[in-house]
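Biologist: I have the file open and would like to go through it with you. May I start with some questions on side-chain pairs and then move to other topics?

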Amino acid sequence: MRSAVEKSLELCIHSVRQVGTDCVEITSREGPAFFVRLSYLRVVAPDAVCEGAAFADEQADDIIRAGQAFAVEQKCASLLARCEQCRAGLERKMLQKGFGKEAIACALDYLEGRRYVDDARFAAAWLRSHAVSKCQGRARLTSELLSRGIGRAVTAAAVDAFFAEYDETDLCRKAIAKATRAGRGGDKLLRYLLDSGFSYKMIRAQLAREP
């Protein structure tokens, strides 16, 4: 319950303009205009958002949060147009921009539901691009995806699919050649290969093949 001295949150609508099947532009009586995806509303009925309507407290907050969620959606869409993004990465970037957690979750649920955001697709794309410049093993690639907020099941499936296409022992041999050219040998070479995610058994087997 609000105290007597706490100011009530109010929103009075001056005009509403339809800008899409599920989107409207709202101009408040105070002047600022903002966009809302009507499906983001949780408390206010979409039909109630009309010229001359006035909302307070929970209802006003619901409309404002929906407007913030739409702003998050547009920011995320801009990032997704450049390259694949994972949900955790987008959430982190939106928090850094100052958006609230509720608005971020609402927008990401929408984008995920329509597969604009897809962690499995992101993981596959990240692994493919990573393979171009890096020679790393299963353990390192798994760790890298988990650190980016990809779930364990999605990570495991993506890494399995990756190594169904790429031979890990071949990557290990390439990593050995790359490290050797850089002057690594002995314990330094072993530590480098272990840090690169190859198993001790695989490393020893491939080093034994070296002339």
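Biologist: Which residue forms a salt bridge with Glu112?

Modeller: Arg87 does, and the closest N and O atoms are 2.8 Å apart. Please keep in mind that this is a predicted model.

Biologist: Which helices do Glu112 and Arg87 lie in?

Modeller: Glu112 lies in helix α3 and Arg87 in helix α2, so the pair ties together parts that are 25 residues apart in sequence. Glu112 itself is partly exposed, with a relative accessible area of 32%.

Biologist: How many salt bridges does the count come to?

Modeller: The count comes to 14. Among them, Asp160 and Arg138 meet through their side chains at 2.8 Å, N to O. Asp160 lies in helix α6 and Arg138 in helix α5 (residues 138–147), so this pair ties together parts that are 22 residues apart in sequence. Asp160 counts as partly exposed at 45% relative accessibility, and Arg138 counts as partly exposed at 34%.

Biologist: Which residues are linked in a network of salt bridges?

Modeller: Asp22, Arg37 and Glu73 are linked in that way.

Biologist: Back to α3: how many residues does α3 have, and how far does α3 reach?

Modeller: α3 has 13 residues and reaches 18 Å from its first C-alpha to its last, which is close to the 18 Å expected at 1.5 Å a residue. Its buried residues are Ala103, Ile104, Cys106, Ala107, Leu108, Tyr110 and Leu111. What covers them includes β3 (33–37), α1 and α2.

Biologist: What follows α3?

Modeller: Arg115 follows α3, and its phi is positive, near 60°. Arg115 also forms a salt bridge with Asp118, where the closest N and O atoms are 2.3 Å apart.

Biologist: Is Asp118 buried or exposed?

Modeller: Asp118 counts as buried, because its relative accessibility is 12% and the limit for buried is under 20%.

Biologist: Changing topic, which residues touch the most other members of the largest nonpolar core?

Modeller: Val36, Tyr40, Ile63 and Val72 do, out of 33 residues in that core. The elements that give two or more residues to this core are β1 (10–18), β2, α1 (57–82), α2 (87–96) and α3 (101–113). α1 gives the most, with nine residues.

Biologist: What is Tyr40 in contact with?

Modeller: Leaving aside neighbours within four places in sequence, Tyr40 is in contact with Arg65, Ala66, Ala69, Phe70, Glu73, Cys106, Ala107 and Tyr110. There is also a second, separate core of 25 residues, which includes Trp126, Leu127, Ile176 and Phe198.

Biologist: Now the strands: how do β1 and β2 pair?

Modeller: They pair in the antiparallel sense over five bridges, and they form a hairpin with four residues between them. Within this pairing, Ile13 stands opposite Ser28 in β2. β1 is also joined to strand β4 (residues 54–56) by three bridges, again antiparallel, with Glu10 opposite Ala56 in β4.

Biologist: Where is Thr27, and what does Thr27 touch?

Modeller: Thr27 is in strand β2 (residues 23–28). Not counting residues up to four places away in sequence, Thr27 touches Cys12, Ile13, His14, Ser15, Pro32 and Ala33. Thr27 counts as buried at 19% relative accessibility.

Notes: Residues numbered from 1 in each chain as written. Predicted model: local features only at pLDDT ≥ 70, side-chain atom pairs only at ≥ 80, totals over all residues. Heavy atoms only, no water. Buried < 20%, exposed > 50% of the residue type's maximum accessible area, 1.4 Å probe, protein only. Contact = heavy atoms within 4.5 Å. Core = buried A, V, L, I, M, F, W, Y, C linked by side-chain atoms within 4.5 Å. Expected span 1.5 Å × (residues − 1). Pairing = 2+ DSSP bridges. Salt bridge = Lys/Arg side-chain N within 4 Å of Asp/Glu carboxyl O.
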